Amino acid sequence: MRRTDRLFDIIQILRDGKLYRAQDIAERLEVSTRTIYRDMDTLSASGVPIEGERGVGYMITQAISLPPLTLTASELEALNLGLAIVGQAADDTLKIAAETLADKIDAVLPAQTIAEAEAWKFAVYPFADPTRNLTHMPLLRSAIKARQKVRLTYTSRENAVTSRVIRPLHMEYWGRVWTLTSWCELREGFRVFRLDLIESAEALPDLFVDEPGKTLADYVP
């Protein structure tokens, strides 16, 4: 299993908000406990809101607030993603500006928030170029709101390209990677897609309505 795939799987395990021991996650993913410890450090440095420590367990927490402003989850996502993108820019001036802005944000965050994760620093991030997340986001947001089916061309973790017709239900942000929870009509079940692995997206004229067992409320990670 590639490391990026394992990190994504760890997020899927933790997303229910429960506490998981590193040993249990390691057994589930068939790796060493030490590997999970390193992965948790990487995810925390990437901005994924993880709390926990070795020997106790790990869980994903809620988003934080930046005093004196109270930011919504979407606003925090936009800020983090924007800094990450600018931090990779070819313009050295913009890179420096993004780094100094991140330092200013650190200066006003509660000390306990950044002591372990340093989530707003430019660490080595585990996922692909964040700009790939943005390509299909407007179409997917519109389709979720309109309850409109979408045809995706998607690259799987085995590097196989497949075409799926889905019912897009919800998008989430996990430290520079966006995911799309959907009902996949090919697999007849829920599937979570990484936006940076979507090759193409086409909104179809078909609309969908809530059906028992196919709604976001029915999804259990």
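Residues are numbered from 1 along each chain as its sequence is written, and side-chain values rest on heavy atoms, with hydrogens and water left out. Because the model is predicted, local features need pLDDT of at least 70 and side-chain atom pairs count only at pLDDT 80 or more, while totals for chains, interfaces and linings use all residues.

The protein contains 8 helices and 7 strands. Helices (H or I, at least four residues) and strands (E, at least two) are DSSP runs, numbered from the N terminus. Of the 221 residues, 45% are buried. Buried denotes under 20% relative accessible area, exposed over 50%, and partly exposed the range in between (1.4 Å probe, protein chains only). Among contacts (heavy atoms within 4.5 Å) with a separation of 6 or more, 60% join residues 24 or more positions apart.

The largest nonpolar core comprises 20 residues. Such a core is a set of buried Ala, Val, Leu, Ile, Met, Phe, Trp, Tyr and Cys residues joined through side-chain atoms within 4.5 Å. Ile-10, Leu-14, Ile-25, Ile-36, Met-40 and Ile-50 have the most contacts inside this core. Helices H1 (3–14), H2 (22–29) and H3 (33–45) and strand E2 (57–60) each supply at least two of its residues. H1 gives the most, with 5 residues. Ile-25 touches Ile-10, Ile-13, Leu-14, Tyr-20, Ile-36 and Met-40, leaving aside residues up to four places away in sequence. Another core, of 17 residues, lies apart from the largest one. Ala-143, Tyr-154, Leu-180 and Cys-184 are among its members. In soluble globular proteins, nonpolar side chains tend to be buried together.

Strand E3 (residues 148–155) is largely enclosed by the rest of the structure, because 6 of its 8 residues are buried. E3 pairs with two strands, where pairing requires that DSSP finds at least two bridges. To strand E7 (residues 198–207), 6 bridges run in antiparallel fashion. Thr-153 stands opposite Ser-200 in E7. E3 is also joined to E4 by 6 bridges, again antiparallel. Here Val-150 stands opposite Ile-166. E3 and E4 form a hairpin with 5 residues between them. Asn-159 in the turn has a positive phi of about 65°.

Arg-164 belongs to strand E4 (residues 161–173). Arg-164 counts as buried because its relative accessibility is 10%. Its side chain makes a polar contact of 3.4 Å with that of Thr-162. A polar contact is a pair of N or O atoms within 3.5 Å; within protein, one must be able to donate a hydrogen and the other to accept it, and residues adjacent in sequence count only if both atoms are side-chain atoms. Beyond four places in sequence, Arg-164 touches Val-150, Arg-151, Leu-152, Cys-184, Leu-186, Arg-187, Arg-191 and Phe-193.

At 74% relative accessibility, Glu-30 is exposed. Arg-147 is partly exposed, at 31%.
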